[in-house]
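Here is a short tour to read alongside the model on your screen. Have a look at the structure first, and then we can walk through a few spots together.

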Amino acid sequence: MKSGFSRAALTVALLSSVALPAGAAEVFNRIASFPVVSNLPSDKDKLTGTSAEIVTASEDGNTLIYSDSPLGGIGFIDITDAKAPKAAGALMMGGEPTSVAVAGGKVLVGVNTSESYTNPSGKLAVVDIASKTVDATCDLGGQPDSVAVAKDNSFVAVAIENERDEDVNNGDLPQMPAGDLVIISLKDGVADCATTKHVAMTGLAEIAPEDPEPEFVAINSLGEIAMTMQENNHIVIVDGKTGEVKSHFSAGKVDLAGIDTKSDGALKFTGSKEGVPREPDAVKWLDDNRIVIANEGDWKGGSRSFTIFDKSGKELYESGPSLEMAIAQIGHFPDKRAKSKGVELEGLEAASFGDQKYFFVLSERASIAAVYKDTGAEPELLQLLPSGVSPEGAVAIPSRNLLVTANELDLGEDGGVRSHVMLYELAEGEPAYPMIKSATVDGAPIGWGALSGLVGDAEKAGTLYAVNDSFYSMQPTIFTIDATQKPAMITAALPVTRGGQPAQKLDMEGITLDGNGGFWIASEGDSAKLVGHGLYNVDAKGEIKAEVGFPTELLAGQTRFGLEGITSVGEGDDMTLWMAVQREWGDDEKGSVKLLSYNPKAKEWGAVRYPLEKADAGWVGLSEITAHGDYVYIVERDNQIGDNAKLKKLYRVAIADLKPGKIGEELPVVAKEEVHDFIPDLKAATNGYVVDKLEGFAFDAAGKAFAVTDNDGVDDSSGETLFWEVNLQGTN
């Protein structure tokens, strides 16, 4: 690997630069999100799959156009008011749209019409933006993947991939027919099909030279086309006017050290890989001489990095795992992808805002848009922006100080978040995200995610402790959080052990202090996974000293929706633990759940009934319980996300009214009082969709309240963790 910069020094620099210092600096913050489902035609079911993949903007910057492959159309968004984007409809394209690019008042759409991998076909459609009608189409002679328009609108370049079938011969190349590059002249944004020129790409790459697989195209101000051939691990520079191949070179390989290489339910950045082909996806010109590539990998590679070359093929900069480590610091590392391609950098955008050059790197698996300052030499990581699930494409609109990401994953059929387009504005201020991050220890970030329970330190104001849940089954951990910093900082990670080894068969959902320097942990059981419901007393070193299972009479009605929080009332021999059960069990009346009590000294169990609110959709349950003053405070929420989220509230019950009855007999019902609605907090936090899993709430030693959300280990989730001080009145 050839690089003029120290990898170790660079990593440290990047990790320390994620959060900008306070002041009047200009930063990007999310100002709006647009659910793509809003553009569904009226004749489509609301759960019809949609996706925003590649996005572009009209020349006046007031309209966004994105490709929607599952729908078979392109969508339009009115962003005249960027903080309140409006659905502007969809246009069906008679095939699978793969890319969009604007020329004048037209949007050029690559459409895949292939009947099979061996008989690929496609067309370039010219769509009038104002009327949303197709003006013309050109036959492309193959399956298009990426479309780019020259700066002077004189021609359009289309990467014809003719992609491989991963089910044939284990996906190995070659698989004919070969792909190529198509160049078509434009006049007033309309393609002149008669000028269609096919530029052969065969015989260039070292890998499968007979089967080029073009992936992405970009054009500089000189009319030169940069094109990646992903599986071939190759880059080609073509004169857009003549079709002449001016240069071509291998994307090369990378040695990686200090990365997580095992999808094992633990975050350990101690692994390495050698000779990893970059296999770039997106490419963008930084100027007329330099390109940046996002090394996603698609066949045998994927170096988790981005690289800057000049157009002769000289390597100018290699990021290595530095961006992945910065992403891990903010809890977005996708452990399920660790053994493969990690954060999987895929999309790119580059633009100048005023006098400052930026480029933006999209992590598909971490759902992050990284903001880099282009210095002309070593780039500087400025921010990590939270995106929707799986960002695929981005467009910058400098005239309006806007950045837009298109996020492709739609989980509507599974009750999850829909595909979104996110809008960010560059303005004076401070970064709204991340709200919590981790420190580095021995040169590696403290790996974290899926925070599910919270408790304040008994003496030190601003210090809290959190636990992760069973997503990290091989790394159960108690995290120390310094909430006096901004963002809050995870300063230490205490492994929860049994016999000196990471304790297995735990699903830690709640934590409270035991009064002896240790903790009580509430574990949510799931009999299908052989995880029992129960309590664990952990000492100051993280070792489990006592395990308390549920009594037989309680287990009779068990479900997998068990303990979601634990708190303590009283001290010493008079201490009673109170726990919140998430949902109704078999012996509960519909609309009520148990608050369980356990006295460690007497070893006695009891319970009361807690009345739940009614769900508008899905279910409602409890997520946390914490004692403060004369009350226990309880988080009650629905399981809905985005615009469907209606209930995320804090209630309280007087401790004097917590008089447990005997389990198995008639239980007393407690009265609750609403204290706080979290939905305005969640909406205001990052101007995104409302996340569903508000799972941690606690008071610190000074009586300040804090809340945290669970990011599901970045699995079918945007990975966002919100951590904030909650403004409560009358809680003392």
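Predicted model: local features only at pLDDT ≥ 70, side-chain atom pairs only at ≥ 80, totals over all residues.

Residues are numbered from 1 along each chain as its sequence is written, and side-chain values use heavy atoms, with hydrogens and water left out.

**Around D410**

- You will find D410 in the loop between β30 (402-407) and β31 (420-428); strands (E, at least two residues) are DSSP runs numbered from the N terminus.
- D410 counts as buried because its relative accessibility is 18%, where buried means under 20% relative accessible area, exposed over 50% and partly exposed in between (1.4 Å probe, protein chains only).
- Its side chain makes a polar contact with the side chain of T50 at 2.9 Å (a pair of N or O atoms within 3.5 Å; within protein, one must be able to donate a hydrogen and the other to accept it, and residues adjacent in sequence count only if both atoms are side-chain atoms).
- The D410 side chain also reaches the backbone nitrogen of G412, at 2.9 Å.
- Leaving aside residues up to four places away in sequence, D410 touches T48, G49, T50, V417, R418 and S419, with contact meaning heavy atoms within 4.5 Å.

**Salt bridges**

- The whole structure holds 31 salt bridges, each a side-chain nitrogen of Lys or Arg within 4 Å of a carboxyl oxygen of Asp or Glu.
- One of them joins the side chains of R164 and D298 (3.5 Å, N to O). This pair links distant parts of the chain, 134 residues apart: R164 is in the loop between β11 (155-160) and β12 (180-187), and D298 in the loop between β22 (290-294) and β23 (306-310).
- R164 is buried, with a relative accessible area of 6%, whereas D298 is partly exposed at 27%.
- E344 forms a salt bridge with R337, the closest N and O atoms being 2.9 Å apart, and the side chain of E344 meets that of R365 in another (3.3 Å, N to O).
- E344 counts as buried at 2% relative accessibility, while R337 at 22% and R365 at 29% count as partly exposed.

Note on methods: Helix = DSSP H or I, 4+ residues; strand = E, 2+ residues; numbered from the N terminus.
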